[in-house]
Amino acid sequence: MADKILCIDDEMSILAAYQRGLRRMVDVDIAQGGEAGLVALAAGGPYAVIISDMNMPGMNGIQFLAKARELAPDSVRMMLTGANDLGTAMSAVNEGHIFRFLTKPCAPDLLAKTIEAGIRQYRLHTAERELLEKTLSGCIGVLTEILALVDPESFGRADSLRGDIRLLARQLAVTDPWELEVAAMLAQIGNVTVPPVVSLKAKSGHPLSEVEADMLRRTPEVGSMLLANIPRLETVARIVLYIDKWFDGSGFPPDSTRGETIPLGSRILRLLFDLAELEHNGNPRLQALAMLASHRGRYDPQVLAAAHACLLQETAGSVGTGPVVKQLPVAKLLAGQILRSDVRTTQGQLLIAAGNVITAAMLDRLANFAHITSIAEPILVELEAAHS
């Protein structure tokens with residue numbers, strides 16, 4: 001997509017001159033005044049560079065560019081100003097609102113060179129952000145695949161919660177719902193430090209020593225410390241840290257955090273994890289939610305109310321519109337399919353839990369196990385959504 005710039009001025013003759021002088025080097029959109037500029041930002045963006053006049057009726061250049069920064073933070077902002085406004089303009093530059101300012105009248109070649117510099121700055125910023133986002137996404141993907149292989153049961157349940165997480169996040173107007181999904185996927189990462197024999201004892205209900213119980217109790221803290229080292233996962237790390245904290249302040253970690261000072265993501269995931277556990281044990285969703293509500297002080301009342309409002313509606317609305325599920329042998333499994341039954345060896349060892357989206361790494365795991373043992377078949381997988 002070609003880079004575009006947006007020019008804002010209260011005089012149409014000046015805007016027309018911008019279009020004539022710059023159209024050979026860049027696509028130019030114009031807007032007469034600050035209010036029209038905000039409309040253009042919303043409708044015609046993204047813009048690499050935004051250039052605004054300082055003195056305009058109603059909304060001056062600094063006011064407009066401050067709003068533009070909120071609407072289009074990636075755009076490079078510039079201002080044209082008269083000599084009498086230099087102090088105001090320099091203050092705006094120092095506060096970070098504006099990349100460059102130019103005095104009027106501005107020579108065409110200087111304006112063109114400044115716009116070229118702004119476009120280079122915009123491309124550099126967006127390229128760095130894209131690289132960071134792809135790197136972060138790749139790191140999360142690798143971590144989740146490793147967890148799916150190391151602890152297939154826990155990860156499978158977390159992966160199956162994605163739909164409920166999105167519904168509840170929407171109901172509670174969560175600003176960055178992706179952080180909730182990542183926290184759910186990586187909540188068990190601290191378990192990698194727990195000896196397998198201790199994890200097995202806990203899952204089978206055998207009594208634990210105080211040392212063993214403390215290992216399991218501290219896994220959210222360990223997971224949080226690991227995740228805090230990854231840029232942009234600081235909020236996810238805090239969600240994981242408080243995922244075992246009850247609304248009344250009891251639980252782990254044993255600090256003074258309680259109520260709404262517990263991260264909202266932690267409160268949401270604690271409820272969804274416990275709801276999934278109750279449903280896994282055979283309790284219908286309505287009954288499971290009632291059981292959660294009976295534990296006063298454990299769950300955020302606001303999150304409970306939101307769960308009743310959106311999760312029960314989803315359950316009722318999904319009757320008769322289920323996905324297509326088919327029985328397949330291991331050799332027919334493909335990446336992207338969703339497991340609807342556990343994949344186990346004929347001796348009962350769990351390889352991949354139901355709820356996981358099959359990945360290439362999982363297929364390699366199954367192929368390796370198939371060389372040394374037998375895998376129980378057929379396996380239930382979801383192929384595609386049913387057509388109504």
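Figure 1. All six residues of strand β1 (residues 4-9) are buried, so the strand is largely enclosed by the rest of the structure. Buried means under 20% relative accessible area, exposed means over 50%, and partly exposed lies in between (1.4 Å probe, protein chains only). Strands (E, at least two residues) and helices (H or I, at least four) are DSSP runs, numbered from the N terminus. The model is predicted, and local features need pLDDT of at least 70, side-chain atom pairs count only at pLDDT 80 or more, and totals for chains, interfaces and linings use all residues. Residues are numbered from 1 along each chain as its sequence is written, and side-chain values use heavy atoms, with hydrogens and water left out. In a regular strand the side chains alternate between the two faces of the sheet. In β1, Lys-4, Leu-6 and Ile-8 point one way, while Ile-5, Cys-7 and Asp-9 point the other way. β1 pairs with strand β2 (residues 27-32) in the parallel sense over six bridges, and with strand β3 (residues 49-53), also in the parallel sense, over four bridges. Two strands pair if DSSP finds at least two bridges between them. Lys-4 has Asp-27 of β2 as its bridge partner, and Ile-5 stands opposite Val-49 of β3.

**Figure 2. The ring pair of Trp-246 and Tyr-299.** How many aromatic pairs does the count give? The count comes to one aromatic pair. Trp-246 and Tyr-299 form this pair, which is edge-to-face, at 5.6 Å centre to centre and with 80° between the planes. Trp-246 lies in the loop between α12 (234-241) and α13 (264-280), and Tyr-299 in the loop between α14 (285-293) and α15 (301-317), so the pair ties together parts that are 53 residues apart in sequence. Rings of Phe, Tyr and Trp (its six-membered ring) pair if their centres lie within 6.5 Å; planes under 30 degrees apart count as stacked, over 60 as edge-to-face and the rest as tilted. Trp-246 and Tyr-299 are both buried. Over the ring of Trp-246 sits the charged end of Arg-298, 4.8 Å from the ring centre. A charge sits over a ring if NZ of Lys or CZ of Arg is within 6 Å of the ring centre and within 35 degrees of the ring normal.

Figure 3. Not counting residues up to four places away in sequence, Gly-251 touches Asp-244, Lys-245 and Trp-246. Contact means heavy atoms within 4.5 Å. Arg-217 is 34 residues from Gly-251 along the chain, and their C-alpha atoms are separated by 9.2 Å. The peptide bond from Phe-252 to Pro-253 is cis, with omega near 0°.

**Figure 4. Helix α8 and the loops on either side.** Eight of the ten residues of α8 (residues 177-186) are buried, and the helix is mostly covered. Among the buried residues are Glu-179, Leu-180, Val-182 and Leu-186. Ala-173 is found in the loop between α7 (162-171) and α8. Its phi is near 55°, a positive value in a residue other than glycine. Is Ala-173 buried or exposed? Ala-173 counts as exposed, at 63% relative accessibility. Asn-191 lies in the loop between α8 and α9 (196-203) and is buried, with a relative accessible area of 18%. Leaving aside neighbours within four places in sequence, Asn-191 is in contact with Asp-151 and Thr-219.

**Figure 5. Phe-369 in helix α16.** Helix α16 spans residues 360-372 and contains Phe-369. At 18% relative accessibility, Phe-369 counts as buried. Apart from neighbours within four places in sequence, Phe-369 is in contact with Thr-345, Gln-349, Leu-351 and Ile-375. Thr-345 is 24 residues away from Phe-369 in sequence and 8.2 Å away in space, C-alpha to C-alpha.
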